[in-house]
Amino acid sequence: MTEEPNTPGTPPQRISAWTVASVLLLAVIMIAASITFALRRTETEPTIASSAPVTATTAPPPTTGHGFEVPEVDLFGRRVDVPRNPAGQLRDQSASQRQPGDPQWLVAAPAGLGEPGGWQRVYGAVVPFSTSDGPTSIVDGVAGGFARTPQGAALAAAMSVNQVAARPGDRAVVAARMLLTPAEREAFDLRAASGILPAQQPDSVTRTLVAPDAFRIDSYAEDLVVLRLAAHGQRHSDGRRSWQTVTVPMVWHNGDWRVRGSGSQLPTEVVGDLTGWTVWS
């Protein structure tokens with residue numbers, strides 16, 4: 001289980017900004033008519049800064065660095081590895097994938113996330129690299145190639161939400177990690193070209209895009225998985241804790257899992273415990 005930030009003299013922080021940032025940006029890309037949030041911001045929450053308009057471009061191919069720099073910690077003191085390749089460091093798929101007959105098929109965690117290299121900072125956002133269910137490829141600076149398993153869908157959701165939030169105007173990211181209709185793609189191009197969707201968010205935004213604490217599979221089919229991600233939330237004065245959650249529909253398209261929405265805000269909810277959830281190991 002994750003811990004609260006413990007910097008002396010600072011109050012506990014809420015990272016509902018993780019949910020706010022990702023839901024906001026995904027909803028904009030999905031061409032939502034209006035966006036409202038049930039989540040209340042407080043003075044202790046990280047602020048989502050607006051960035052100056054920029055010309056949306058696809059990120060250039062990353063350098064071919066291998067391995068990692070000195071590891072960092074996130075806002076909660078959790079380990080984050082920094083790959084020399086800014087698009088991430090792929091890991092050997094040395095662990096077995098779960099099979100449909102396995103009793104843990106829907107509830108097991110992907111392998112290797114609790115090890116060095118499991119959570120990496122890619123273009124400012126923290127994303128997962130497992131040793132069992134992907135990612136297995138990096139194309140145009142975007143990691144992909146997730147297993148057709150519940151674990152692969154959960155990994156792809158965490159990767160997609162944080163990478164789209166970090167690089168909302170990057171066409172390569174959106175093409176690889178989302179499935180849009182032609183009308184949505186046209187609207188995305190207009191917003192990206194106008195600078196409404198920047199190619200890269202500033203550090204004030206990406207530093208809030210931390211690893212989600214857990215996932216939960218609500219339904220699984222070979223072509224559609226509906227799952228939820230739970231992000232570190234608030235510790236109340238009486239010791240209770242809460243998590244901000246977001247529901248993410250994932251569709252299997254052209255050999256990979258991609259986010260698919262209905263054109264409106266992704267559903268969010270606050271939960272008081274993680275009973276029934278799968279905590280990343």
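## Burial and the model

A residue counts as buried when its relative accessible area is under 20%. R91 sits at 14% relative accessibility, so R91 counts as buried.

## Confidence

Two stretches need care. Over residues 1-17, pLDDT stays under 50. The model still has 50 contacts beyond four places in sequence for residues 1-17. Over residues 27-57, pLDDT also stays under 50. For residues 27-57 the model has 85 such contacts beyond four places in sequence. Where pLDDT is low, the predicted coordinates should not be read in detail.

Helix α2 covers residues 150-166. At 1.5 Å a residue, its 17 residues should span 24 Å. The end C-alpha atoms of α2 are 24 Å apart, which agrees. The helix is mostly covered, with 17 of its 17 residues buried.

In soluble globular proteins, nonpolar side chains tend to be buried together. Here, the largest nonpolar core has 42 residues. Those with the most contacts inside this core are L227, L229, V248, M250, W257 and W280. Helix α2 gives the most to this core, with 9 residues. Leaving aside neighbours within four places in sequence, V248 is in contact with A157, V161, V225, V226, L227, L229 and V259. Another core, of 6 residues, lies apart from the largest one. Among its members are A214, A230, W243 and L274.

## Salt bridges

The structure holds 14 salt bridges. One joins the side chains of E72 and R121, at 2.9 Å from N to O. E72 lies in strand β1 (residues 72-73) and R121 in strand β3 (residues 119-122), so the pair ties together parts that are 49 residues apart in sequence. E72 has 35% relative accessibility, so E72 counts as partly exposed.

E115 and R91 form another salt bridge, with their closest N and O atoms 2.9 Å apart. Both E115 and R91 are in the loop between β2 and β3, 24 residues apart. At 43% relative accessibility, E115 counts as partly exposed, whereas R91, at 14%, counts as buried. E269 also forms a salt bridge with R228, and the closest N and O atoms there are 3.5 Å apart. E269 belongs to strand β11 (residues 268-271) and R228 to strand β8 (residues 224-235), so this pair ties together parts that are 41 residues apart in sequence. E269 is partly exposed at 40%, while R228 is buried at 15%. Shared partners join D74, R78 and D213 into one salt-bridge network.

## Aromatic pairs

There are 5 aromatic pairs in the structure. In one, the rings of F215 and W280 have their centres 4.8 Å apart. Their planes stand at 45°, so the pair is tilted. F215 lies in strand β7 (residues 214-220) and W280 in the segment after β12 (278-279), so the pair ties together parts that are 65 residues apart in sequence.

F215 counts as buried, at 0% relative accessibility. W280 counts as buried too, at 9%. W280 is also listed among the residues with the most contacts inside the largest core. Ring pairs link W105, Y220, W252 and W257 into a cluster. W257 is likewise on that list for the largest core.

## Two loop residues

T131 lies in the loop between β4 (125-128) and β5 (137-139). Its relative accessibility is 9%, so T131 counts as buried. Not counting residues up to four places away in sequence, T131 touches R91, D92, Q93, S94, A95, A111, G112 and E115. R91 and E115 are the partners of a salt bridge described above.

P71 is found in the loop between α1 (16-29) and β1. At 38% relative accessibility, P71 counts as partly exposed. The C-alpha atoms of P71 and D81 are separated by 4.6 Å, with the two residues 10 apart along the chain. P71 touches R79, V80 and D81, not counting residues up to four places away in sequence.

Key: Residues numbered from 1 in each chain as written. Predicted model: local features only at pLDDT ≥ 70, side-chain atom pairs only at ≥ 80, totals over all residues. Heavy atoms only, no water. Helix = DSSP H or I, 4+ residues; strand = E, 2+ residues; numbered from the N terminus. Expected span 1.5 Å × (residues − 1). Buried < 20%, exposed > 50% of the residue type's maximum accessible area, 1.4 Å probe, protein only. Salt bridge = Lys/Arg side-chain N within 4 Å of Asp/Glu carboxyl O. Core = buried A, V, L, I, M, F, W, Y, C linked by side-chain atoms within 4.5 Å. Contact = heavy atoms within 4.5 Å. Phe/Tyr/Trp six-rings, centres within 6.5 Å; stacked < 30°, edge-to-face > 60°. pLDDT = per-residue confidence, 0-100.
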